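These are my notebook entries on one model. I record what I looked up and in what order.

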Amino acid sequence: MLDFAIRFGAWRPPTIGRMRILRGLPLTPSNRDTALAIGNFDGVHRGHQALIDALKAHARPRGLACAVMSFEPHPRQYFAQAAGKPQAAPSRISTLRDRLDTLAAHGVDTTFLLRFNRALAGMTAEDFVRELLVAACRARFVMVGEDFRFGSKRAGDVTLLQRMGTELGFAVSTLSDVKENGERISSSLVRRALADGDMNLAAELLGRPYGISGHVVHGAKLGRTLDFPTLNLRLPAAERFGEPAARGIFVVQVHGLAPGPLPGVASLGLRPTVDDSGLWLLETHLLDWQGDAYGKIVRVELLKKLRDEEKYDGLAALTAAIARDAAAARAWFAAAAPATSTAPTPVTTASRPLGAPRISLG
C-alpha cells in the first residue's frame, strides 16, 4: 500500500529561481543556443522526465542550454473555450508554478512560456519553426515525442521538422514512449488515475506523490468554528485554466511547516454545503499541529482518496463527516507507522520539489 511513498526523496523549497523563464509572443530571444524540447508538460510525469534527461545528455557536452517550450493555457483549453465547449477542456494536473518548479528541479535551464491564443493558434508550422524555434529559441537540437504535431491545424509533424532542421541548421530527435505496465505514460493517463482516486498509480506515473503547493492564505474561518481549523489554498480559475484533475476528500501530508511532513485530511473541491461561488479550494486540517501558517509556503501531498465530495443538509452533518474523515486519516497513518509507534506517523516520502504559486484557500 505504501511502496510509492517510500521511494521518493524529501521535499525541498521551490527551485524555480534557478531557471530562466522567457514569456510572451513575440518571445524574448534566448541569450544562448539551446537544446529544446516542446510540449505542454502538464504534471511533468516520468515520460516528460525521460525527455528532459535525454535532452540534458545532448545539451551538456555541447555547451547548449537545456530548454523547454511550454504553453499556457493548455491548447485544448483554449480551443474548448473558443468553441463554446468548456466541458471538453482537459482537467489540470499541475498549476503553472508547480509545473515550472518541477521543470527547474529536473535541471531545465530555460523555459519559453508561450500564451496560447489566437495568434499562436493561427501560426503556420513553417513560421513556428522559423520565428520561434530558430529566431527566438536559438534551437540547435530539438527533441520531441514521436506523435508531435504543431502549427495551425496541426499541419506540422516530425518529418517537416526534420526537413526544416536540415535547411536551418538544427538537428531533430524523437524519444520513444515511456510505458507503465505496457501503457504509454501520458498526462491523460495521470488525469485518469487522479479522476479514479488511484493515488498510488498517479505517484508511479509522476515519480512522486501528487501534490499542490502554495502560500497559506486567510479563509472564512469556518473550519475553526467547527473545531477543524484548516490551511487554505485557492486554485487558479477553472474557466481559464481547467478544473483540477483530482477532487474529493483525501488523506494528506503537508510539507513546509515542520522538519518533517505533517499528517492531515483535506478537501479538494467546491464546498457545496457552504459555498456556491464555483471556486475550487484545497482545505487541509492537520491532525496534530497548531501554529500560525499564514503566508508560509506549503506542499499538500494527496496520499489516499477517502471519498467524493458531498453536499450536506447543514453544518452539524458536515462537522460529523469531517470527524469521520479525520478518524479515517488517523487510522491510515497508524497502519503506515512502525509497529512500535502508537501515534499517527507521516509517511516518509521523497517527493521531488514542486513550486509554490500564490493560491488562496477559503
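Is histidine 58 buried or exposed? I found histidine 58 buried, because its relative accessible area is 19% and buried means under 20%, exposed over 50% and partly exposed in between, with a 1.4 Å probe and protein chains only.

**Basis.** I note that this is a predicted model, in which local features need pLDDT of at least 70 and side-chain atom pairs count only at pLDDT 80 or more, while totals for chains, interfaces and linings use all residues. Residues are numbered from 1 along each chain as its sequence is written, and side-chain values use heavy atoms, with hydrogens and water left out.

**Histidine 58.** I placed histidine 58 in helix H1, residues 46–62. Helices (H or I, at least four residues) and strands (E, at least two) are DSSP runs, numbered from the N terminus. Leaving aside neighbours within four places in sequence, I found histidine 58 in contact with Leu64 and Phe141; contact means heavy atoms within 4.5 Å.

**Whole chain.** I counted 11 helices and 14 strands. Of the 362 residues in the chain, 51% are buried. Among contacts with a separation of 6 or more, 78% come from residues 24 or more positions apart.

**The sheet.** I traced an open sheet of 6 strands with parallel pairing, in the order S1-S4-S3-S2-S5-S6. Two strands pair if DSSP finds at least two bridges between them. S1 (20–23) and S6 (171–175) are the edge strands, each with a single partner, so one side of each has no neighbour in the sheet. On average, neighbouring strands of this sheet are turned by 25° against each other, direction ignored. Axes are lines fitted to C-alpha atoms, for helices over the stretch in contact, and angles run from 0 to 180 degrees between N-to-C directions.

I then looked at S3 (residues 65–72) and S4 (residues 110–115), which pair in the parallel sense over 6 bridges. Methionine 69 stands opposite phenylalanine 112 in S4. Helix H3 (residues 96–105) lies across S1, S3 and S4 and runs at about 165° to S3.

**Aspartate 109.** What does aspartate 109 touch, not counting residues up to four places away in sequence? I listed Met19, Arg20, Arg60, Leu64, Ala65 and Cys66. Aspartate 109 is found in the loop between H3 and S4 and counts as partly exposed at 24% relative accessibility. The C-alpha atoms of aspartate 109 and methionine 19 are separated by 5.0 Å, although these residues are 90 residues apart along the chain. A polar contact of 2.8 Å joins the side chains of aspartate 109 and arginine 60. A polar contact is a pair of N or O atoms within 3.5 Å; within protein, one must be able to donate a hydrogen and the other to accept it, and residues adjacent in sequence count only if both atoms are side-chain atoms.

**Aromatic pairs.** I found 7 aromatic pairs in the structure. Tyrosine 78 and phenylalanine 79 form an edge-to-face pair, because their ring centres are 5.2 Å apart and their planes stand at 70°. Rings of Phe, Tyr and Trp (its six-membered ring) pair if their centres lie within 6.5 Å; planes under 30 degrees apart count as stacked, over 60 as edge-to-face and the rest as tilted.

Tyrosine 78 also forms an edge-to-face pair with phenylalanine 116, at 5.5 Å centre to centre and 65° between the planes. This pair links distant parts of the chain, 38 residues apart: tyrosine 78 in helix H2 (residues 75–82) and phenylalanine 116 in the loop between S4 and helix H4 (118–121). Phenylalanine 116 is buried, at 11% relative accessible area.
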